[in-house]
Amino acid sequence: MKKINFIPCRGVPSKSSLLRYRIMFVFMFIFSVATYAQRQNITGTVIDSEGVPVFGATILVKGSTGRGASSDFDGKFTVSASSDETLVFSFVGFKTQEIPINGKTEINVSLVPSQEVLEDIVIVAFGKAQKQESVVGAVSKISGEKLMSVRMGSSVENSLQGRLPGLTVIQTDPTPGEEALGGYYAASPIQMSIRGNSSMGNNTPLFIVDGVERTFSNIDANDIESISILKDASATAVYGVKGANGVIIVTTKRGRRGALELDFSSSVSVKTAAILPEYMNAYETMKLRNEAWTNDGKWDLLVSDEVLEHYRTQDLPYLYSNTDWMDYYFEPGFDQTYNLNARGGNNFVQYYASVGFLKEGDIWSVGDQFPYDYDKQNAHYGSTRYNFKNNLDFNISKTTKLTINLGGNVKAWGKPEDTFTQPIWYEPVTSMPFYPADALEQYPDNVIPYNQTGPRPYINPAQGEVEMNWLGAQGFNRFKANELNVDLQFDQKLDFITKGLSTNVLYSYNSNVIYQKNYWLPQYFGYYLNRDTQEWSRFDNYGGLDLDTPQPTLQVNGSENIFKGWRSQYFQFNLAYNRSFGKHNVSGLGLISRRKSVGDQLYFFPSFEENWVGNLNYNYDDRFFLETSVAHSGSEKFAPGLRFGTFPAAAGGWVISNEKFFKNLKESINMLKIKYSYGIVGNSAGIDRWLYLSEFTQGGGTSFGYPQQGYGYINEGRLPILDATWERVYKQNLGFEFAFLNNLFTLNIDLFDERREDMLQTRQRVPSYAGVPDIQANIGSSKSHGFEVELGFNKAFKDGSYIMFSGNVSASENRMVYYDESDNIPFNLKAEGKPVDIARRMGSYTPATGIVTQGFYQSFDDLFLYPKVGGGNPIVGDFKFLDFNGDGSIDGQDRVVAESPSIPNLTWNGTLSGGYKNLSLELNFYGISSVQTPMRQGGLFYLYPFTENKDNAYTAHANHWTPTNTNPEFPAVHAEASKQYNYQISDFSMVEGTSIYD
């Protein structure tokens with residue numbers, strides 16, 4: 001019989017096909033039923049190392065997608081898994097554990113704390129915690145523990161110097177209590193910059209503490225968990241118009257589940273002056289004065305050999321005194337710190353509470369010889385501070401958390417009335433602070449009835465005011481500060497909508513008010529013992545003769561006045577998402593914030609800010625990382641319609657060491673990552689408010705009419721700038737991260753490039769005959785680039801000993817690309833093309849320019865051949881100056897800029913530590929490249945001897961020009977520092993330094 005083959009029609013299955021489908025369906029059904037049947041509920045409890053149940057621990061089935069559970073308040077969990085699978089237990093701050101089920105139905109786990117895990121967590125924008133491996137931005141971090149090992153002074157900022165690559169800290173006012181505040185006159189607070197100064201305006205980074213903008217100077221370092229600095233656009237763009245200068249994020253310690261942990265620490269530190277000027281003694285000084293008077297033709301002032309001999313032998317010390325002022329003023333200062341903190345909690349609440357005390361002394365001593373005895377401190381420098389901190393985390397439910405942060409400090413400090421303290425650096429060595437009581441015994445005073453016992457304040461009316469005039473003779477000031485910071489935060493998981501969704505609401509109130517009280521001494525009389533007549537005279541503070549007026553008593557201002565004050569309120573709402581899909585990990589953030597603040601003076605009109613932020617992170621299999629962010633920020637500084645700006649950024653990273661093809665190299669190179677970021681950030685710091693408004697002021701006036709009547713002027717002030725806006729910063733960062741031999745060696749390299757556009761500057765091309773005041777516009781631009789390198793070594797031995805090294809090098813270079821200037825300005829005086837730090841000070845009172853010295857006039861022929869500074873009358877031995885433009889005269893047009901900026905272009909740090917069990921030793925080294933700081937124009941007298949006609953000279957002045965010393969450091973000496981040809985703003989008045997500290 002012929003066999004017939006049936007060919008099935010399209011879409012109609014054949015009988016054989018139907019049979020195969022049935023068999024396959026049955027097989028799949030049986031397989032799935034069998035697989036399901038193999039799964040069972042695994043229960044257990046998760047506890048910590050002290051036996052306390054862990055709430056919120058994550059339990060995942062290894063290799064599955066989405067199968068897992070979280071432990072409840074009692075640490076219990078239930079998860080569905082088969083007997084041949086493995087459970088993965090993890091919790092922040094503890095080592096991850098993998099436990100095979102192996103047929104068990106109950107698994108109890110004790111988690112082990114991991115310091116390495118904690119150090120691997122980096123806090124980035126808006127308090128988000130990321131593993132170091134997943135960070136693709138330029139972020140550096142230091143732990144609170146390491147910070148405590150190098151604690152310096154009362155301000156946390158000082159301890160950061162050299163510890164984080166790219167961060168520069170400069171302290172200009174070391175007054176106890178005022179390090180971060182700045183003094184009343186010619187002093188500024190601690191200056192911090194990240195990757196150098198690249199703006200002509202403000203370069204201060206943004207400070208964030210526990211997610212809120214506020215300073216951290218007065219935080220007790222014992223309360224700090226970690227400090228991170230964000231440097232590139234991907235890390236800072238979310239802060240909008242405040243992110244261009246970088247961000248410093250401080251995270252304080254929090255409670256954790258477990259038994260109560262009490263920690264008490266105390267320290268006493270000694271500080272001394274590292275470098276002090278060295279002065280000639282009285283004999284050497286007066287010999288030099290004779291030479292100066294001879295050079296200036298003042299023969300009648302020459303000191304006789306007999307007088308010089310008295311100064312040399314000191315046989316009559318009260319008539320021919322010889323005082324070492326540095327020895328009198330400076331003595332070791334002592335700082336004391338104490339801290340007691342408690343940490344612990346259970347599944348419902350975790351707490352961290354801390355109280356601290358700081359007493360800060362000073363190396364500057366003013367003595368106790370004043371006509372008042374108000375209290376033990378009197379006019380001495382010094383401060384005390386009481387800190388308190390209480391961080392609470394309440395787990396209201398498995399999905400709801402309430403966080404309360406309460407912190408602050410009460411601070412008090414005092415100092416003498418020290419508005420003008422320059423004279424203390426050029427006190428006459430032939431004077432003294434006080435005549436001792438022995439002086440009256442040797443030279444009795446039968447005329448002046450006052451101060452007949454004890455010491456007598458010294459004054460030489462021919463050489464200025466009473467010696468201690470600015471160090472207690474006018475009384476003293478006392479300050480009190482009360483700082484309070486309160487945060488309320490509510491976190492809610494929204495897994496019922498979709499897994500991984502959560503929301504957060506934060507409110508913060510911050511207040512810091514400083515009060516001042518003045519204790520004033522109306523007059524302080526000084527005495528002078530005439531060396532010729534051996535008779536006493538009495539003078540007031542400033543040299544007026546007064547023999548009869550009684551010494552006034554200390555006047556106490558009846559009330560405390562508000563000296564400064566800051567207050568702010570901050571509100572934040574965000575919606576976050578974090579979920580894993582197998583090897584795909586996705587997280588996102590949408591955030592809205594508003595801030596109302598008033599600063600410096602509480603009666604100022606408050607400032608308002610608003611930010612809308614979006615952030616998206618993607619991670620594939622811990623190999624590929626992508627991060628994008630955008631901020632829409634607003635500020636009331638600018639005109640309506642121009643108050644908001646949008647700032648995007650993106651970054652990507654590739655962890656090559658996690659690739660399969662890299663497996664054979666893992667033992668030698670266990671970490672290799674490449675990352676790159678690009679973005680736009682804004683900067684509105686330092687820009688005045690309400691630039692778009694016209695200003696009119698009252699001042700001056702005239703009279704006319706009959707009878708004449710006065711009429712005041714109404715003056716047009718600043719012209720409105722209707723289109724003013726923030727400067728925009730375009731940032732790029734390329735980074736490489738390496739770890740070798742199981743983290744025995746680590747190496748991080750970052751290369752960065754930055755371009756700033758739309759910098760607000762005053763137009764220099766507007767002619768004066770236009771009849772308008774300064775006009776500003778967003779027209780300036782600059783560029784900056786550099787690199788950062790971090791190197792680490794960490795080796796632990798089985799006997800409990802260890803050795804560690806960490807070091808970093810940071811270098812940056814910046815230039816002004818465009819600056820609006822007149823075409824008539826010579827290139828040597830243009831800001832354009834100069835380093836930003838120098839360009840910022842081109843036209844200031846303390847300029848970064850000066851005429852150039854070219855050796856010394858060596859003969860009378862030189863005096864006639866070389867051009868001179870206008871109006872000057874040099875002598876042989878004075879400086880010769882360069883006629884830079886060759887016009888035959890030397891003036892301001894011949895100035896050139898400094899060779900180096902005042903902010904170092906290169907910084908480096910090295911820390912070497914080692915230990916054995918409970919013993920440890922650490923050495924820190926910090927260095928900077930060459931810097932040049934111009935002497936303040938009103939302070940050039942520090943360079944030369946005999947300032948204000950006082951008997952004072954440095955030992956270095958011995959190396960001055962003489963006919964036998966024609967290549968010295970200093971020019972020929974003159975009778976008075978500020979009345980000589982050499983008193984010019986020049987390269988000689990640039991203070992140069994290259995420093996290494998340990």
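How many of the 7 residues of strand S15 (residues 224–230) are buried? Keep that in mind while you open the viewer, and remember that you are looking at a predicted model.

**Stop one: strand S15**

Select residues 224–230. Here's the answer: 6 of the 7 residues in S15 are buried, so the strand is largely enclosed by the rest of the structure. Select residues 139–143 and you have strand S10, which runs antiparallel to S15 and is joined to it by 5 bridges. Then pick residues 247–252, strand S16, which also runs antiparallel to S15, this time with 6 bridges.

Zoom in on serine 226 in S15. Opposite it you'll find serine 143. Serine 226 also stands opposite threonine 251 in S16.

**Stop two: an open sheet**

Next, head for the open sheet of 4 strands, whose order is S3-S2-S5-S6 with antiparallel pairing. Select 68–70 for S3 and 97–100 for S6: these two stand at the edges with a single partner strand each, so one side of each has no neighbour in the sheet. From one strand to the next, the twist averages 20°.

While you're here, highlight residues 58–61, which form S2. This strand and S3 pair in the antiparallel sense over 3 bridges.

**Stop three: threonine 337**

Jump to residues 333–345, strand S18, and find threonine 337 within it. Is threonine 337 buried or exposed? Its relative accessibility is 11%, and because buried means under 20%, threonine 337 counts as buried. Show side chains and look for serine 267: its side chain and that of threonine 337 make a polar contact at 2.4 Å.

**Last stop: serine 677**

Finally, select residues 669–683 to bring up strand S34, and pick out serine 677. With 1% relative accessibility, serine 677 counts as buried. Which residues does serine 677 touch, leaving aside those up to four places away in sequence? Show Asp232, Ser234, Ala650, Ala651, Lys731, Gln732 and Asn733 to see them. Look closely at aspartate 232: its side chain makes a polar contact with the side chain of serine 677, at 2.4 Å.

How values were computed
Residues are numbered from 1 along each chain as its sequence is written. This is a predicted model: local features need pLDDT of at least 70, side-chain atom pairs count only at pLDDT 80 or more; totals for chains, interfaces and linings use all residues. Side-chain values use heavy atoms; hydrogens and water are left out. Two strands pair if DSSP finds at least two bridges between them. Axes are lines fitted to C-alpha atoms, for helices over the stretch in contact, and angles run from 0 to 180 degrees between N-to-C directions. Buried means under 20% relative accessible area, exposed over 50%, partly exposed in between (1.4 Å probe, protein chains only). A polar contact is a pair of N or O atoms within 3.5 Å; within protein, one must be able to donate a hydrogen and the other to accept it, and residues adjacent in sequence count only if both atoms are side-chain atoms. Contact means heavy atoms within 4.5 Å.
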